[in-house]
Amino acid sequence: MFRKIAVAAGLMAAAIAGPAQAQDYPTKPIEFIVPWGPGGGSDTQMRLVAQGLAEETGQAVPVINMPGVGGNVGLAEFAKRPADGYTISQIHEGLLISNGTGITDLNWDSFMPIALVTSSPQYLTLSKNDNFSTFEEMVAYAKEHPGAVRAGVTLAGVPHLHMAMIEDAFDIQFSYVGYEGTGQRIRALVGGNIDVAIGDVSSAGQFVENGDLIFAAVGMPERTAEEPDVRTFKELGQDLDLAVTRGVVLPKGTPQDVADALEAHLEKVMQNEDVRTKIKNVGSEPVFLGQDAYKAYLGKLSETVNRLVGKLAG
Amino acid sequence: MLDAFLAGAHQVFAFDTLIYMLIGSVAGIVAAAIPGFTVTMAIILTLPLTFAMDPLQGVSVMLSVYVGGYTGGLISAALLGIPGTPSSVATTFDAYPMARGGEPGRALSLGVWSSFFGTIISTIILIVAAPPLALIAVKLGPWEYFSLIVFALTIVASLVGNSLMRGLIAGVIGLGLATVGPDPMMGRPRLTFDSDILMPGLPFLIVLIGIFAISQLMGEVEDDGKSETKGALIPDVIEFKTWAVMREVLMHPVNLIRSSLIGVFIGALPGAGGSIANLLAYDQAKRSSKTPEEFGKGTPDGVIASEAGNSATAGGGLIPMIALGIPGSAVDAILMAALMVHGISVGPRLIMDNADLAYGMFIAMIVASLMMLVVCVLSMRLFLRVTDIPKQFIVPTVMICCVIGAFALNNRVTDLYLLGAIGLVGYGLKSLDYPLAPLVLGVILGPIAETNLRRALMSDGDWTVFFTRPISAVLLAAALLSVIFSIRSVLKMRKKNRAVTDEQDGD
């Protein structure tokens, strides 16, 4: 009973105060904190989203890069910002892993997830070597020689999680070598300094086309349009979802109507053909999951991370 | 090939592209000239603008910012003794004494011409040899990188100034400072004492600005009034002799080419960058000079080596990017993003699939370096005018720029506290006659050495790999020779000094 009254009161308050705010939002520029350095995937994709959002709302959306400690410095700063919808930020899988391995106290539910906007399909990529050239051969070789397959990952980062998911699903064991960023991993893979890595079409696609590298499998529910010949993990027997998904978040405690207004604006941005094309061009997929779907997605992801976190902390 | 070349040239030489490039060139030079403002910052600001341009037009504009940025650092290095960018640390060693010695125009002209020739030489190598060089660069593993850094660390010996002991201590302090913050492999905090300020570590640029700029500016305040130049940092009689200086630069062909090659090589290695090339080229010039004692007192060779070395990394850095689509630095990553947004995939097939674009970029590099030259030569008088401004205005203004730049780097307020603290440390060390360059070298090289050592041992637990991989072994041998050479020259110097003292005793 009390709850119902509270909800009703809340709705009334929202009805009185809300529309004016929500209709007007945004009335001034929105600061977009990207907790990563310039030039990377998050930066490029979020700049495209920011540009779309600026066109859509008529307000400037300046991107502020705040890199450090795997995105955690920027997010820690963002969490302290006023929850009025005029500072927004971005998270991806990395935050959940940082939380799981104890690097930060923040987690996805420390923020208000508004919309998942891009998803970059990740491919298990093999170097050209004498021991294996397909996924099955790699698994067989790794089973025969545990720890002999060198996997390049960002230690305690998203690629590490993806590799751990593969280890876990196919019951094999890699030895890990730490690299920072996809560019570095692909370079090491091409140079033969590691054997397997997680790659994507924008950084490794041309090497695959050239025959220097091999895409062994893709971590999506279905084959991708860019690489239709690459099998999914589902086809290989294990349903693994390996994607780097990026979504927009607000500080906790932002009024719900502001959140809804931002969600509606982002939905329109993600339908903008120009934004969609450019996001595809930089090797990612434009998507849109609203607040509820995004929260559900993060909740499920969180379970996977918690299950495998022991493998990542070492 | 000729078709592609012409198609690229056609796009670069469009009137609007040239105008944008000119603006980019000025922006790059100005951004680099202000200590604390980086070239990366200037390029990231141009990125959204290029979304609306043709791909080649956008990249050409960025390249002009990039080339301008490798030269701009020279201006504050020569006139204020403060490196405008990390790539101009060694430039301060000789350009500043030369400027202080009454030849600021010559110092600037020498630097500009050396930068110009350095960029041109590196672009030629880029055009002729990008694919094979990139293939070599990509084969280098963590072993080679670690050995290269060990070699680079030995150049501390050239930077120590008056006392080998104090130089080595400064180098060790630098290596120590670099360990504060998240460890480069796992992101685990080290030596942060649970403090929010130390949590992100000591960013290299903050250390650089703090150590060089703050200590230099405080030094300026300190000797105010004593200086003979009546408040101005530089005497006012200025002669440029632009063409005479060009001839002077060309009279040092060995130095120019050696420094440029070092720049290209270091530039082609992803992750190394202009700051190492700048110091390494200076070191090599000093070691092979017949008059090494002139270095640090305003010798033209020092200016030529440092500026040709850092500018040549511009072309070198593009080698892995154009040939393989592998970014060597944040700037390269932004350039690649600018192309990819337009649907151009950047990778080993870029030269085949988008030949006009690749050739267009080569042409844009040459055009950008010509623009840099023209802008610098025409505006040099203006830059020198800055030095006429009395100290009480220029010192606070530069200080404010440093602080703004330090903040804009990562948008962290805590970095400003660090800047203040490091500035005081730098001032203290300088007052005690410790050389500052070895400290900065330690901060630059420490993390690269650590990352690659750990990476090497994670790839293969066997230590002997460092000696069995040929390039790695050669680099380690070079490091050993370099140390032996340094010890010998120190001993020789000591002997000479003793001889002098003996003579004095005899009197």
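## Contacts between chains, domains and helices

Helices here are DSSP runs (H or I, at least four residues), numbered from the N terminus.

A friendly note on the basis: this is a predicted model, where local features need pLDDT of at least 70, side-chain atom pairs count only at pLDDT 80 or more, and totals for chains, interfaces and linings use all residues. Residues are numbered from 1 along each chain as its sequence is written, and chains are lettered from A in the order in which they are written.

Chain A divides into domain 1 (2-120 + 244-313) and domain 2 (123-218), with bounds from an automatic or database domain assignment. Their centres, taken over C-alpha atoms, are 30 Å apart. Domain 1 of chain A gives 15 residues to the contact and domain 2 of chain A gives 12 residues. On the domain 1 side, α11(A) gives the most, with 4 residues.

The table sorts two of these sides by class (Ala, Val, Leu, Ile, Met, Phe, Trp, Tyr, Cys and Pro are nonpolar; Asp, Glu, Lys and Arg charged; the others, Gly among them, polar).

| Side | Residues by class |
|---|---|
| domain 1 of chain A, touching domain 2 of chain A | 6 nonpolar, 7 polar, 2 charged residues |

Key: Contact = placed C-beta atoms within 7 Å. Helix = DSSP H or I, 4+ residues; strand = E, 2+ residues; numbered from the N terminus.
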